[in-house]
Amino acid sequence: MYDVIRTVHLVDASRASGPVLEHLRSVTGRFTDADVVVAPTLPGARNGGDILVRLRFGSADHWHAHRSTLDEALTHEDIHHVVGASFESTGDGSAGRRAGPDQPGIYRTMLAKVHPDTPAEQVAAFERATLQMPRHVPQIRAWQLTRVTDSVGATDWTHAWEQEYDHVDGLLDSYMNHPIHWAHVDRWFDPEHPLWIVRDRVVHTFCAIDRPVLGVAAPTGDRALPDLLTGGRHTVPRGSGA
C-alpha cells in the first residue's frame, strides 16, 4: 500500500467547510483506485492545516498516476500552502488494529523529522518506544508508524505516526496525558533531554471519520468498473471522512 497525506492551509481558516473542501472531495472522488479521506481538521490540531487529505493507493505507481491531478487541485486560490508526506506502508510490525467494534470517530496523524545525524540505533529505539504506546493506551483503536519517502513543504519529514480513536477524548486526554506518552516518548521531542532527536516542530492534526482508515486495503479500478457498467451503486469507500 502507498499512503499520501496533505495538510491544506487556507488563506481564510474560517472557510474550511467551503469551496476548497468540496473541490478536493470532487477531485479525489474520481480516484477509483484510492481510499480517500478529505475532511476539515478539528480544534486542537497544531501546524495541522484546515483540511486534512489522506489517500491510500495499492502502490506508488497508482499514486503517481494521480499526483499531478491532486497537485493542480491544491493550487486553488483559497489555499495558502500545503504540507504533506508520502510513504509505503507494509505493516511489518509497525501497524495494528485492536479487536473490537470498528467504529472509529477520529483519525490522527503526526509528521515528525528526526535529525539527520541521529544514529540508526537511536532512530530504531525511538520507533520501538512509539510503538509501545498502543500497548498502554487502549483508546488507540488502530495505529501505523511509517518512514516517510517523500515530503511536501519546508520540512523533510522522516516519520508519520497515525492512529484511530473512537472519540476525540481518547486522543487529547487518554493518549496525550498518559505517562507512557509524556514520560517515555516525549523525551525524544524534548530539547532539554539528552535523547532529543525530533528538532523541528511537528505536524499534529486530526479529523472526524466514519469508518476505519488504517490497514484498509486500497480499492482497485477493477472493483469500480462493474458498478459503473451495471449502473449499481458505487461501494468503494471514499470521500467524506466527516
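User: What is Q122 in contact with, leaving aside its neighbours within four places in sequence?

Analyst: In this predicted model, Q122 is in contact with W188, L195 and I197. Contact here requires heavy atoms within 4.5 Å. Q122 itself lies in helix α3.

User: Why is Q122 called buried?

Analyst: Buried means under 20% relative accessible area. The value for Q122 is 18%, so Q122 is buried.

User: How do you know that the span of helix α3 agrees with its number of residues?

Analyst: The helix covers residues 120-131, which is 12 residues.

User: Which residues of α3 are buried, and what makes them line one face of the helix?

Analyst: The buried residues are Q122, V123, F126, E127, A129 and T130. Seen down the axis of α3, they fall within an arc of 160°, and therefore they line one face. The face turned away from that buried side carries A120, E121 and R128, which are exposed.

User: What covers the buried residues of α3?

Analyst: The cover includes α4 (133-136), β7 (142-147), β9 (159-165) and α6.

User: Are A39 and V37 buried or exposed?

Analyst: Both residues lie in strand β2, A39 as well as V37, and that strand covers residues 34-40. The cut-off for buried is under 20% relative accessible area. A39 has 0%, so A39 is buried. V37 has 1%, so V37 is buried too.

User: How many Å separate the C-alpha atoms of V37 and L52, and those of A39 and T90?

Analyst: V37 and L52 are 15 residues apart along the chain, and their C-alpha atoms are separated by 7.6 Å. A39 and T90 are 51 residues apart along the chain, with a C-alpha separation of 25 Å.

User: Why does R98 count as partly exposed?

Analyst: Partly exposed lies between buried, under 20%, and exposed, over 50%. R98 has a relative accessibility of 24%, so R98 counts as partly exposed. R98 is found in the loop between β5 (95-97) and β6.

User: What does R98 touch, not counting residues up to four places away in sequence?

Analyst: R98 touches P134, V137, P138, I140, R141 and W143. One of these, R141, is 43 residues from R98 in sequence and 5.3 Å from it in space, C-alpha to C-alpha.

User: What sets the phi of N47 apart?

Analyst: Most residues other than glycine have a negative phi. The phi of N47 is near 55°, a positive value in a residue other than glycine. N47 is found in the loop between β2 and β3 (51-57). At 29% relative accessibility, which is between the 20% and 50% cut-offs, N47 counts as partly exposed.

Key:
Residues are numbered from 1 along each chain as its sequence is written. This is a predicted model: local features need pLDDT of at least 70, side-chain atom pairs count only at pLDDT 80 or more; totals for chains, interfaces and linings use all residues. Side-chain values use heavy atoms; hydrogens and water are left out. Helices (H or I, at least four residues) and strands (E, at least two) are DSSP runs, numbered from the N terminus. The expected span of a helix is 1.5 Å times one less than its number of residues. Buried means under 20% relative accessible area, exposed over 50%, partly exposed in between (1.4 Å probe, protein chains only). The arc is that of the directions from the helix axis to the C-beta atoms.
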